[in-house]
Structure formats: C-alpha cells, structure tokens
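Reader: I am new to this structure and would be grateful for a guided introduction. May we go through it by question and answer?

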Amino acid sequence: MLGMGNPELGVVMLVLFIFFIMLGFPIAFTLMALGVGFGYWAMGDTVFNLVVQRTYSVMANDVLVSIPLFIFMGYIIERANILDRLFHSIQLALGNVPGSLAIATLATCAIFATATGIVGAVVTLMGLLAFPAMLRAGYDVKLSAGVVCAGGCLGILIPPSVMLILYGATAGVSVPKLYAGALFPGLLLAGLYMLYVLIRCWLNPALAPKLPKEQTDVPWTRVLWALVTSFFPLTILIMSVLGCIFFGLATPTEAAAVGSLGSLILAAAYRSLSFGKVKESVILTARTSAMVCWLFVGSFIFSSIFAILGGHEPIKNLVTALNLSPTMFLIVAQLIIFVLGWPLEWTEIIVIFVPIFLPLLEFFKIDPLFFGILIALNIQTSFLSPPVAMAPFYLKGIAPPHVTINQIFSGVMPFLWLVLVAMVAVYVFPGIALWLPKYLYG
C-alpha cells in the first residue's frame, strides 16, 4: 500500500468503509476515523485543520437547521393522535370504493409524509392503526402489508423530505427547487399505488371484502364534518408550509419553524397537547437530529479527504472508458444505488456515494436536480427490498404473530415494480420533475 498513489488510497478508503459497515461499526465514527487516518497518512498534521474547518462548515449550514424543525413538526403531529382522525375521515369519504381501507391508508400515508420524512414513524403508526383494521375487515394479509410499507416510505420523496434537504446540501442544489421537483413525482407514485390497489381489488373482491353497511352508509353531513375537523386543518398547515417555500415567501428553515408552531397549535386545538408529549417529541427530535449531524460531519470529513486523495479520478476514468451514453450512465448509477440500498441506509448513500457521482453528472450533462429526484424515487426500494428492508421489519415488529416476514416481503414486491414504473415515467417525461421548478424559478 506504501507504493500506491493517492487516488488508489482513496479507493482503498472507500472499500474499507464498506467492509467496516458490513461488520457493524458505527457509520459516522467509521467515516471520521477513516478520513482522519488516511488524511494523516497523505497530508500529515494538516488534516486536523481540515477536520475543524469541515465540521464548522457543516454546523454553520443554515439549510440543515430546517431538519430538526421538520422532524419536530412530524413528531408533534404523530403524538397528537391526528393521524387516526385523518385515517377515519378519509375512510368515511371513500365509502364503497373497492379496497377503501387500503386506499385510505395510502392517502393518509401520503398526507402524513408531507408532515414528516421519518419512515419508521409512519410505518409504525399505520401498522398500529390501519393494518389491524384491514385484517379485521378480512383484507388479504400480503396486500395490507404492502400498502402499509409502501405508503410509509413516501416521506422520503414527498416534500418536505429530510432526504432532499441532505441531498441539496451535499450536491449544492436549491432545496426549494428540489421540493418543487419532487412534488409531482411523489404524487405520481402515490397515485400509482392507489390505482394498483383499486384495480386489483375491483378484479378480485376477495382481497378486500366490502365493509359493513354501518361503516359505509354514513350521512354526508357526518363525512363532511369529519373532513373539516381532520383532513382540512392538517392539509392547510402542510400546504401553507410548502407554499411559503415554493413561492419564496420563506426559506425552508423559516417555513419549518412556522410549521412546528402550527403543529403545536393544531395539537392544542385537538386537546392532545401536553407537556409529556412535547418533552417526548423534543427528545426524539434531538436524538434523530444528532444522528444526522454526526453522520453529516463524518461524511464531509470522509468525502473531503477522498476528494483530496483524488479517489474520484479512477472511478471517473473507469466510467468514461466504458463510453456510456447519458441514458446508460443513469441506468448504471441507479442500479448501483439500488444495490447499495441493501446493506446501507439512505443517509449513507446520499452523503457518501452521491458525491462520487456528482463530477460525472457534469461530464454527461445531467441536471443534478433531475438526478436527485431519480435517487429519491430509487431509495424507496431501499426500505422495501430485502435483505435490509427496514419498512417490512418495522411492520413485523408490531404485526400480529401469525403475520410472517415472508408474507410482508411478498406484499411489497408489486409496489417495488410500481417504483420502477414511476422512475421510467419520470425519465421518459422529465417535465414531471422539471416543469414546476422551471415554472416557479425560471
């Protein structure tokens, strides 16, 4: 190894990172240790000044302040029992629609995804609320499990997504533009999920038996009141936050602060606000934010040393030597990200491997914003496909004992194909992702 040039050291550092992660070492501290170790080998004491500078630059990034605020907003809404009201009102509104409970679950997940990007929270809550309701109604176990897992992952894509904030900070892309670009693809994916459930339940009613008349024959006044008191307040709050970001009335951080305040007011209006719930939300927010910040610090140290060593060059030379077209490069890049999603979480993919692709985007003349939307779609599969598949494992942890992990895996497979359909649609019709950012920001 002593005879290696610096680019080769960068590649070795990357390989060692993957090896240590497979052994179960903490990701953030593995990144820092490898970065400092290889940096000291190549640069001497200068690496310590670089570590301080990169740590300060991360902590001084104003965009990242919005992360704990959006997370806090989501935890408050989660603990204020707003989700069960929302699910019940949508269920009443759908009435006799085939698979109404499953479609209501997906709609609730899509709306709640705009309030929090925390996949584990959405899957767990819907697993406790909607999954037992579907099983009691005689719904197919696999279909019910797939709906909960797939719907719970929409928060990665639909704004205000924490993943898009991290991607924007990593790739140097405007977060409001990313949010605008992700809105229609997110709605497209949620729509595909609902359309699939509707068609499948219409073709095979045994998958989702009709609900009893006492649950469907409800006066329209009661349905309207349920929507007015649950669906519209949360939707107005979310649209206000996103609207302020989209139209430049507030930065993501300012909008997140207003959203957090709005969630507290909404919880108080529902008489679900207490000191204990606020305290628990603050603790969970601090823990999640600390994890993200440590990971971001470690990744910036690692990626800075990796760039100084020239680790990107061998990878860039290999890709250019293959003489790929932009389309083939996008396919190869998304396949790599799909495979990385098995052993790694989305945070490591964004902060470690996306910077490796960024220099290649300029070479292939690919818009980083468009690339980020494709990644956000692709990472849906990281939570659904085995062997890691965090969403099925979240659901298995709270599901009844008779529901097996294999049933859950079987249930999510059709939704994995729908993610692929959405990715192809966005690539073939890039206006789905690029029209709104161009319309709003030129």
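Predicted model: local features only at pLDDT ≥ 70, side-chain atom pairs only at ≥ 80, totals over all residues.

**Buried and exposed residues**

Author: Val147 counts as buried, with a relative accessibility of 0%.

Reader: In which helix is the place of Val147, and how far apart in space are Val147 and Ala104, C-alpha to C-alpha?

Author: Val147 has its place in helix H8, which covers residues 141-152. Along the sequence, Val147 and Ala104 are 43 residues apart. In space, the C-alpha to C-alpha distance between Val147 and Ala104 is 10.0 Å.

Reader: Is Arg271 buried or exposed?

Author: Arg271 is found in the loop between helix H13 (252-269) and helix H14 (275-309). Its relative accessibility is 80%. The term exposed applies over 50% relative accessible area. Because of its 80% relative accessibility, Arg271 counts as exposed.

Reader: What is the phi of Arg271?

Author: Arg271 is not a glycine, although its phi is positive. The value for Arg271 is about 60 degrees.

Reader: Where does Lys365 lie, and is Lys365 buried or exposed?

Author: Lys365 lies in the loop between helix H17 (346-364) and H18. Phi of Lys365 is positive, near 60 degrees, in a residue other than glycine. With a relative accessibility of 75%, Lys365 counts as exposed.

**Distances along the chain and in space**

Reader: How far apart in space are Phe20 and Ala182, C-alpha to C-alpha?

Author: Phe20 is found in helix H1, residues 6-22, and is partly exposed at 25% relative accessible area. Phe20 and Ala182 are 162 residues apart in sequence. The C-alpha to C-alpha distance between Phe20 and Ala182 is 33 Å.

Reader: By what distance are the C-alpha atoms of Pro359 and His312 separated?

Author: Pro359 lies in helix H17. With a relative accessible area of 31%, Pro359 is partly exposed. Pro359 and His312 are 47 residues apart along the chain, and their C-alpha atoms are separated by 8.0 Å.

**The largest pocket**

Reader: What volume does the largest pocket have, and which residues are the closest to its centre?

Author: The volume of the largest pocket is about 500 Å³. The pocket is lined by 19 residues. The closest to its centre are Gln334, Leu335, Asn378, Leu420 and Met423.

Reader: Which helix supplies the largest share of the lining of the largest pocket?

Author: Helix H16 (326-340), helix H18 (368-378) and H21 each supply at least two residues of this lining. The largest share, nine residues, comes from H21.

Reader: How many charged residues does the lining of the largest pocket have?

Author: By class, 15 residues of the lining are nonpolar and four are polar.

**A nonpolar surface patch**

Reader: What area does the nonpolar surface patch made by residues including Tyr427 have?

Author: The residues that make the patch are Met413, Trp417, Leu420, Val424, Tyr427, Val428 and Phe429. Its area is about 710 Å².

Reader: Why can Tyr427 be called partly exposed, and in which helix does Tyr427 lie?

Author: Partly exposed refers to values between the buried limit, under 20%, and the exposed limit, over 50%. Tyr427 is partly exposed because its relative accessible area is 35%. The helix in which Tyr427 lies, residues 405-428, is H21.

Notes. Residues numbered from 1 in each chain as written. Heavy atoms only, no water. Patch = residues over 30% accessible without salt bridge, like charges linked within 9 Å, V, L, I, M, F, W, Y side chains within 5 Å. Areas by Shrake-Rupley, 256 points an atom, 1.4 Å probe, with all protein chains shown as cover. Salt bridge = Lys/Arg side-chain N within 4 Å of Asp/Glu carboxyl O. Helix = DSSP H or I, 4+ residues; strand = E, 2+ residues; numbered from the N terminus. Buried < 20%, exposed > 50% of the residue type's maximum accessible area, 1.4 Å probe, protein only. 1 Å grid on protein atoms, 1.4 Å probe; cavity = no way out; pocket = protein on both sides within 12 Å on 5 of 7 lines; lining within 4 Å. Points joined across faces, edges and corners; volume = space filled by probe spheres on them. Nonpolar A, V, L, I, M, F, W, Y, C, P; charged D, E, K, R; others polar.
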